[in-house]
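Here is a quick walk through a ligand site and some aromatic contacts. Have the structure open while you read.

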Amino acid sequence: MKPLTVALLGCGGIAVRYRKTYARLYGVRVAVTIDVEEKTARQAQEETGAAHWSTRADDAFASGIDAVVISTPNYFHKEHALGALKAGKHILLQKPIAPTVRDAEEILVAYRKTDRVMAVYMNLLDHPLFWDLRELVRRGYFGRVGLASARLAHRGGLTWTASEKLWRASVAKTGGGSFIQLGVHYLHLLQWILQDAVFQVQAFSTNLACPHLEGDDLMLAHLKLRNGTLAELETSWCVQEEHFSLMGTQGAVHYRDNRCLEIWSENGPFEGKILRLKGDGKPEHLDPLLPPEWDDEENPLNQHRQFVEALQSGRSPEVSVEQGMTDLRIVEACYESARSGVSVKLPGSGASVLKGEPLE
Ligand SMILES: NC(=O)c1ccc[n+]([C@@H]2O[C@H](COP(=O)([O-])OP(=O)(O)OC[C@H]3O[C@@H](n4cnc5c(N)ncnc54)[C@H](O)[C@@H]3O)[C@@H](O)[C@H]2O)c1
């Protein structure tokens, strides 16, 4: 099999956590590592065994490259995605797909004119726990899920100072504040696990403790889903906690700080990828349930591996650009609600989330 040649566009920041995956994936060759910071591009080349390094984004669009992994800041996503599509490349694009729905629409229009694969990177889908929760929901172990909640809160914003490089502090460069950066993860996960779609939102936002951040450092959104679930989603750059809960008529699950799991169901037993419930619906063990490493290429759910395997096998990627667009529309609706003080409806949104196909 001819190796799939990949360009890594944006190699610092979060890409440091996963860039070496591409050196280990079967049937993949890293052609070029690109970053505006020469040192970062060189380090990535060393780590991945890439043939070249570069500081010019255009080098990702050269002939001989099959796919581009875009991990640059949000405000470069449009330029980089359009460049890659024009050059006929497949794309794995970091979330959110763009700072605004308008920019994202331009990407979508260009993508639809090609026969290329374009996927959105959602690292939470690396975690087998979430696949098990989706299966538990699908098979009715929790009965009807009435309430759901998620919180992704980091205190990173407290340490930010004014600087040209601090793109996350700019509304124009990110598209908002904590909510667009953090909320999009659980917004996607929630709809993906419930196989449901958000259709109405009411949100509140503020900036409590991050003077160098233009956007929100705290945001709370209430979400109504089509099948009746009510959900809340909280994000922050100034307080700290991560949690995900589902509460149903026959069971519930709470997962906190990526380790502590509480779960019960009236409907045991269950054997999933990582979770085992006994006949009484209680878990078999209560050890910490840590997420996989981001560069664990042996994890079959690793989203970089999934992207590469989608290209190699002709399968659809797990998170399509349409789904990324749906998530972004909800984010914008939440910001609109926070600004206006009224709830916002999303006619027709979310339908593509329902089409997610099982991986196995
Ligand atoms: N959980 C996640 O998956 C996760 C976490 C953090 C960030 N992100 C996303 O990843 C993207 C990057 O965020 P980050 O935190 O890594 O940012 P960052 O600023 O820490 O790193 C971005 C990297 O891209 C490089 N870069 C900037 N402009 C470039 C250009 N025009 N051409 C080439 N390289 C360029 C920078 O030098 C830097 O190395 C964002 O879209 C963000 O939303 C996702």
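Predicted model: local features only at pLDDT ≥ 70, side-chain atom pairs only at ≥ 80, totals over all residues.

**Around the ligand**

Which helix gives the largest share of the shell around the ligand? That's H3, with 4 residues. Helix H3 spans 74-86, and both H3 and H7 supply at least two residues of the shell. There are 25 residues around the ligand, and the ones that come nearest are Ile-14, Asp-35, Asn-74, Lys-95 and Arg-168. Sorted by class, the shell has 12 polar, 9 nonpolar and 4 charged residues.

| Residue | Protein side | Ligand atom | Distance |
|---|---|---|---|
| Val-36 | polar backbone atom | nitrogen | 3.3 Å |
| Arg-168 | polar side-chain atom | oxygen | 2.3 Å |
| Gln-181 | N or O atom in the side chain | oxygen | 3.0 Å |

How much of the ligand's accessible area does the protein cover? On its own the ligand has 840 Å² of accessible area, and the protein covers 85% of that.

**Aromatic pairs**

Now for the rings. The count comes to 10 aromatic pairs. One of them is Tyr-121 with Trp-294, at 6.3 Å centre to centre and with 55 degrees between the planes, which makes the pair tilted. Tyr-121 sits in strand E6 (residues 118-121), while Trp-294 is in the loop between strand E15 (276-277) and helix H8 (303-313), so this pair ties together parts that are 173 residues apart in sequence. Are these two residues buried or exposed? Tyr-121 is buried, with a relative accessible area of 2%, and Trp-294 is buried too, at 15%.

The rings of Tyr-186 and Phe-244 make another pair: their planes are at 25 degrees and their centres 5.9 Å apart, so they count as stacked. This pair also links distant parts of the chain, with Tyr-186 in helix H7 (residues 178-194) and Phe-244 in strand E11 (residues 241-248), 58 residues apart. Both Tyr-186 and Phe-244 are buried.

Key. Residues numbered from 1 in each chain as written. Heavy atoms only, no water. Phe/Tyr/Trp six-rings, centres within 6.5 Å; stacked < 30°, edge-to-face > 60°. Buried < 20%, exposed > 50% of the residue type's maximum accessible area, 1.4 Å probe, protein only. Near = heavy atom within 4 Å. Polar contact = N/O pair within 3.5 Å; in protein donor to acceptor, adjacent residues only side chain to side chain. Areas by Shrake-Rupley, 256 points an atom, 1.4 Å probe, with all protein chains shown as cover. Nonpolar A, V, L, I, M, F, W, Y, C, P; charged D, E, K, R; others polar.
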